[in-house]
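Open the model in your viewer and keep the selection tool at hand. The stops below move from a sheet to a pair of helices and then to charged side chains.

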Amino acid sequence: MSVNFSKVDVSLLNFSRYNLSEKQLNSLQYNLNNLGIKNFSYADTIKELKNKLEYSYIVKSSKLLEYFVKNNLKSKNIKTNKVKDYSLQNGMFKYANDFYYDVKSNDINEVELKFKEYKKGDFLSNKDKLYSYKKIAKVMYLDYVNKQKEKVFITFTLPNGQFHKYNKNGIKTNTYNVKDKFEKNVEKGLKLLNEIHRYFYHTLKYKIRRYCKSNNIDNKEVINIDFIKILEPHKSLDGHLHSLFYIDKTFLNIVEEVYNMTIENFNLIETKFEILKNAKASTYLNKYLLKTTKSENLFYNQYKRYFSKTRFFTSSNFRHTNQEKIEIVYKFLNQYKPKIIRYFKRGNIPIYYQLEQIILKDYIRFQEENIKRISIDFQAIKEEFEKLKNKKDIDIFKRNILKNIDNYIKEYNSKAIQKVYFKKWLIYNKKHIEQLPIYNYEFEKLKINPFSIEKIEEGYFNKYQFI
């Protein structure tokens, strides 16, 4: 597969013994072509950085929109091998009130598209809104399974001197004493905040385990620590960290001890430690996941997308499953049994908890296999580039990377879902005893084979309840 590299001969990739995907080749192109460029284009004021955030978001939205439409136009039903049928009105297809695209050719392989968003950035904004709703659902799940535990809310703010070049009014501070450009310094701050979280979390786990060992506590539910971590920017654009920890009341003194250790270790000044009383974490954290106004929400999404190498939201895993399986079950039920989804949403029990129960009860199960995957170690390439004394040799450096790309490729084993099995009564219509179509584009996109139906007993849902 050919990819156009600037100043680099892509044919050198033929030396690789690995079959790199189109996505990996595009990523390689992007990373090589941007080596050393960003250092010379960092914004140095709040206004410059805000302009970059806005422009970058609009560009990404347009590119994702184009990618989405082209992939949907080419999607085929894997049972009939027919291209999806779209209802066109005057050569225009309308999707979710976000944009129009104009079909210029009847040949699906040579289709040319013209994209128009009603409002620039809308497509990406809607994706980010969906992402936020998923995170809120995850928070509600963790809140529910930890309802017997104490909720400790902690805020860490970056230290002055090294950070906070500007105050919230955009005026330079007297304490800032770093030569980095403003944008570079913001990046460093976000990275440090994640380091602070890791230090706190791992130290806390270590101390609690030692305490439990000394006191013969072996109840896993008591020992387990769940958390939710969110990064967000101040008005000065420097980041700060909010963390919520679900802790058994036995360990509250340990949490406070580790909190003080973290402050001392990172020389932090502005911090907050609070034990939440009579409040659900989901209620408390919603204001951070979904901002109060549309403009605040849009800016936060622009900020997250621009500094996309930083993880802004992290949380503990599900108790018995994972996000991929939860989403597969949701999409399946939403297509074939939407009443169940509507029932779950109206109830007091979080929807993710209900979907997890469906998996635990074996109504839907997954066949997984270990497969070999490959990834390109871009961090190693970047570190090699930093060692380059004469930056004029960058073209030679890129060509050498391509010649020796196998040295930067890592192999690893990973579990992947191959098939999804479900109770056949899940897709039967009682009146007509006819099986509904089982193809769903979303499953093809997840690289899942068509459903395999087992010969198992029929059944029915008891008021759509699974608990």
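Begin by selecting the five strands in the order β7-β4-β6-β5-β8, which form an open sheet with antiparallel pairing; strands here are DSSP runs of E of at least two residues and helices are runs of H or I of at least four, numbered from the N terminus, and two strands pair if DSSP finds at least two bridges between them. This is a predicted model, in which local features need pLDDT of at least 70 and side-chain atom pairs count only at pLDDT 80 or more, while totals for chains, interfaces and linings use all residues. Residues are numbered from 1 along each chain as its sequence is written, and side-chain values use heavy atoms, with hydrogens and water left out.

Within the sheet, select β5 (residues 226-233) and β6 (residues 239-247), which run antiparallel and are joined by 8 bridges. Pick P233 and you will find that its bridge partner in β6 is G239.

Next, select α10 (residues 338-346) and α11 (residues 351-360), whose axes come within 9 Å and cross at roughly 135°; the axes are lines fitted to C-alpha atoms over the stretch in contact, and angles run from 0 to 180 degrees between N-to-C directions. The two helices are therefore oblique to each other, the class left over when angles under 35 degrees count as roughly parallel, over 145 as roughly antiparallel and 65 to 115 as roughly perpendicular. Show the side chains of I341, F344 and K345 in α10, which meet I351, Q354, L355 and I358 in α11, contact meaning heavy atoms within 4.5 Å.

Now turn to the charged side chains: a search of the whole structure finds 12 salt bridges, each being a side-chain nitrogen of Lys or Arg within 4 Å of a carboxyl oxygen of Asp or Glu. Select E327 and K134, which meet in one of them at 3.2 Å, N to O. Because E327 lies in helix α9 (residues 323-336) and K134 in helix α3 (residues 122-145), the pair ties together parts that are 193 residues apart in sequence.

Move on to E150 and K277, where the N to O distance is 3.5 Å. E150 belongs to strand β4 (residues 150-157), whereas K277 sits in the loop between β7 and α7 (281-289), 127 residues apart. Is E150 buried or exposed? At 18% relative accessibility E150 counts as buried, and K277, at 54%, counts as exposed, where buried means under 20% relative accessible area, exposed over 50% and partly exposed in between (1.4 Å probe, protein chains only).

Finish by selecting E221, D226 and R319, which are linked in a network of salt bridges.
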